[in-house]
Amino acid sequence: MFTSYRNASLSRKISLILIGGVLITVAALVSLAAWQSSAYSSVVRREVDTLINANLDSVTQGVYNLVQTEDDAVRQQLFQNMKIAETILKRSGDVSLSDRVLWRGTNQFTGESREFVLPKMHIGGVWLGQNTAFDIWTPVVDEVSALVGDTCTIFQLADITGDMLRVATNISIEKGKRAIGTFIPAIHPDGTEDPVIQTVLTGKTYNGRAFVVNEWYLTSYKPLYDVNGSLAGMLYVGVRQKNVEERIRQAILQTKVGKTGYVYILGGRGEEKGHYIISNKGERDGENVWDVRDTYGHFVIRDIIAAATALSPGEVTTVRYLWQNPGELEPRWKIACLAYYAPWDWVIGSSVYEDELQYYWEILSRGRIAMTDRMIVAGFILILGTIAAGFLTARSISRPVGALTQAAERIIRGDYDLRVPVSSGDEIGELAETFNVMTGRLKETLEGLAKARDELEQKVSERTSELETAKEAAEKANRAKSTFLANMSHELRTPLNAILGYTRLIQKKGALSSRQRGYLETVIRGGEHLLGLINELLEVSRNESIKANIQFSTFHLPLLLSEVEQLFIHRAGEKEIRFEVVQAPELPPFVVTDERRLRQILINLLENAFKFTRQGFVLLRAELFGREGASLHLAFEVEDSGPGIAREEMNKVFQYFEQTASGRESAEGTGLGMALSLDYARMLGGDITVRSTLGQGTVFRLELPVFPGIGSEVEDTNAVGRVKMIKAGCMIPLVLVVDDHKDNLELLAHLLTSVGFRVLTASGGLEALKLFQMERPDFVFLDLRMPDIDGIEAAKRIRRTEEGRKAGIVAVTASVVDMDRREILSKGFDGVIAKTYTEDDIFSVLGDFFGLEYEYETAAAGEAVSSERQVLTRSMLEELPEELKNELHQAVLRLNVREITFVVDKIRKLYKKTGDALTVLVDNLEYERILRFLEVSDGR
């Protein structure tokens, strides 16, 4: 048979091949289609199941995320509510306990009553009372409720076991009364400890779900201490969980799964275990289904809850169970996806009946069968057509094929000049002609590709060389920039450290007048301001975004304004212009914002005003212009009589490195001050605006939201005083100071020896290594940048010795951009101190390392210390008798210095704080300010 086929004509072979190939192809396709149809059915069924499970997972996870988001929002709300409650409580006054009173308490869990005889709880001296009526105002709790709209309670510690009694609350019980007298027992009826009380007794804040009087709340409980620092009770704020549930109930009820599937919520472990919290359409809410069994007697709900409560947060699982809803004829299999949200004790389930899914599988099955039938019919039609066409085409193809085959073989061997003879005008002839054209173009294409390849290789080589050169240049520029910034930081901070250090040492001497101390304070404040400018310039030079580290604190606003005023008084005198700081009477004494950034903004605005004002005046006004909730809105205006700003240049005022025409004429400034000030103001939630009239002057207005502060929260920087010496009985460490800068070396050495430390000095890394090996000091202050070997290498060599592993080594650096603190500590250092440093920085690190105790100077070392910290206010003068105020007023009007001093001394003996503040103004010859204060206090 094979021989017969081999000897058959080409046309017969073509016909047989066409027919046989089609038959085999059709048979294979039909068989493959039938097999793939069956496999497809299994795959589709599996994929449908996977999609259904994925959909259930997605729905369940979505509900879980919804609940978690709502819980996070409520926790944030409770955090803010507690902050407000603490602020109101602190503003109302201290907590104190006095005379005893009888309470009849009711256990909120069992309803049992017992009597308590407890001291009366007072807030700011006012007894909270035993107020059960809502129409009678209760301090603190009603004010908190009015502000936040949620519940608030003050508890009193009832006994030594920790029972907490409600003594003031806006939570109601039956008949619309306050739940006064109900108490939380430290031990629950089942013998377990109450988590709220156990948390508060340890001094911590409890945040979470808790049972309050008669229902569940999302709560926050914080310990409450009396004036003696003893635990007196606890402060509570809370949101009713039912209110929170209602916000997400509709979203859950409207969520559909498949045709009839739904989402439900069950109680997990607590008192609502096995109860519907949210059921299908809300029809079975609150129903206990814990003991429901399926057809086979299985406790379905128990299995669901057990599977869910074993999950980790955010984890989901799938279960299959029989279920029958009321009104259904028989139970059906269900698929459910479960999750457990522990903070609310919620079991979240999304479920659908399996038989609803058969509909999709039946549609896919019918489509599969129809597809197979059509493929079989199409196969037979294809066979018949191929047989007829095969005989017709075989003859016209077989004869010229040989010639084309031979020509193709020669072309494969590289003979691109060959041409096939064209012997007919049919398609075969056209094929031969096209073949010849293709051969010619193939030759041209290959020659062109060879040429293009050579050109491309040349261009790639040249471009690669250019890119390497550009990369090296960029890396070199970046290294040069980093080196420049490091050197700039070191060169600027090193002399500034010496300036501030020696100024503080001079200030420490006792034999200085009040005015001299004021001058030194001005130098220090100016130096610190310069240090801040250096930092900002370095940040901008690094071409990085200014991401300020905002630090809110409570501070004395009039004192800050006075310090800013002192920085510019002498400059005003030199330029012979009038300078005045006007504080509105209603200005709050203590505020909460970033003191450092506010001072920087005011200094920048005043620097700008003084720079352009050659005659006339510069004014700084501070006023309170509004309130919004718990915040105050302050306004600071800096007005000058300078040349003003043209309208077309107003847009340049707050742009980096831009200057107006006046700025360019003055040849002063960098174009940074106003841009930085605007950035800082907006970081603090405020804004800066400007209005100006050309030739008449300019007014910059800073509007800033702040919070009212409490004087007791202000950190008293003079409470301890400066270190005088090491306490007797303490070890005296031997300290090695290493710095190649002579001024800084002598400064730190003098600072240490002045209080009793034994000190060695070295001006380089190699000298330090020799001294350490010979003297074995206990502690090393090591400069990082030195000419021979740097501080990092010196520290590494010291640490290799046995004594070096025991010694303390602290890096002292002015190059703040070399590396960050964490990287320095990883090189073997125990700490990092940046230039410029203070005495406290140095003595604190030594005290912590060796456990040293110091003796401190008292205020008596310089009587001006206390007066320099006092700032005259309107309230100080209002407490003076009219006789003294009149004497002072007349003496100032006559400019009789001896009489003024006599009257101020008399005031000081009777009203020390007021006298100290007046002494500062008298020493600085600020008689005009004294007159203004006297006239404002008298209403003149």
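Reply: Val592 touches Phe552, Ser553, Thr554, Val706, Phe707, Pro708 and Gly709, leaving aside residues up to four places away in sequence; a contact here means heavy atoms within 4.5 Å. The residue belongs to strand β20, which covers residues 590-593. Strands (E, at least two residues) and helices (H or I, at least four) are DSSP runs, numbered from the N terminus. Between Val592 and His556 there are 36 residues of separation in sequence, while their C-alpha atoms are 9.2 Å apart in space.

The model is a predicted one, in which local features need pLDDT of at least 70 and side-chain atom pairs count only at pLDDT 80 or more, whereas totals for chains, interfaces and linings use all residues. Residues are numbered from 1 along each chain as its sequence is written, and side-chain values use heavy atoms, with hydrogens and water left out.

The setting of this strand can be given in a few totals. The protein has 25 helices and 31 strands. Of its contacts with a separation of 6 or more, 65% are made by residues 24 or more positions apart. Among its 940 residues, 43% count as buried, a word that stands for under 20% relative accessible area, with exposed meaning over 50% and partly exposed the range in between (1.4 Å probe, protein chains only).

Gln241, in helix α5 (residues 241-253), is buried, with a relative accessible area of 2%. Beyond residues up to four places away in sequence, Gln241 touches Arg209, Trp216, Tyr217, Leu218, Trp344 and Trp346. Two of these names return in an aromatic cluster formed by Tyr64, Tyr341, Trp344 and Trp346.

Aromatic rings lead to a further topic. A pair of such rings is described by the distance of the centres and the angle of the planes. Rings of Phe, Tyr and Trp (its six-membered ring) pair if their centres lie within 6.5 Å; planes under 30 degrees apart are stacked, over 60 edge-to-face and the rest tilted. The structure holds 21 aromatic pairs. In one of them, the ring centres of Tyr264 and Tyr276 are 6.4 Å apart and the planes stand at 85°, so this pair is edge-to-face. Because Tyr264 lies in strand β13 (residues 261-267) and Tyr276 in strand β14 (residues 276-278), the pair ties together parts that are twelve residues apart in sequence. Tyr264 and Tyr276 are both buried.

Rings also take part in arrangements with charged side chains. A charge sits over a ring if NZ of Lys or CZ of Arg is within 6 Å of the ring centre and within 35 degrees of the ring normal. Lys273 lies over the face of Trp290, 4.9 Å from the ring centre. Likewise, the charged end of Arg320 sits over the ring of Trp333, at 4.1 Å from its centre.

Helix packing comes next. Axes are lines fitted to C-alpha atoms, for helices over the stretch in contact, and angles run from 0 to 180 degrees between N-to-C directions. Helix α23 (residues 897-910) and helix α24 (residues 912-923) have axes 6 Å apart and pack at an angle of about 155°. That makes α23 roughly antiparallel to α24; angles over 145 degrees carry this name, those under 35 count as roughly parallel, 65 to 115 as roughly perpendicular and the rest as oblique. The crossing of α23 with α24 is left-handed, that is, the near helix is turned anticlockwise from the far one by less than a right angle, whereas clockwise gives a right-handed crossing.

The axes of α15 (residues 765-775) and α16 (residues 791-799) come within 10 Å and cross at roughly 20°. This makes α15 roughly parallel to α16, and their crossing is right-handed. Leu766, Leu769 and Phe772 of α15 meet Ala794, Arg797 and Ile798 of α16.

Most residues other than glycine have a negative phi, and most peptide bonds are trans. Arg776 has a positive phi, near 50°. Val140, in the loop between β3 (126-127) and α3 (141-148), also has a positive phi, near 65°. Arg776 counts as exposed at 52% relative accessibility, whereas Val140 is buried, with a relative accessible area of 1%.
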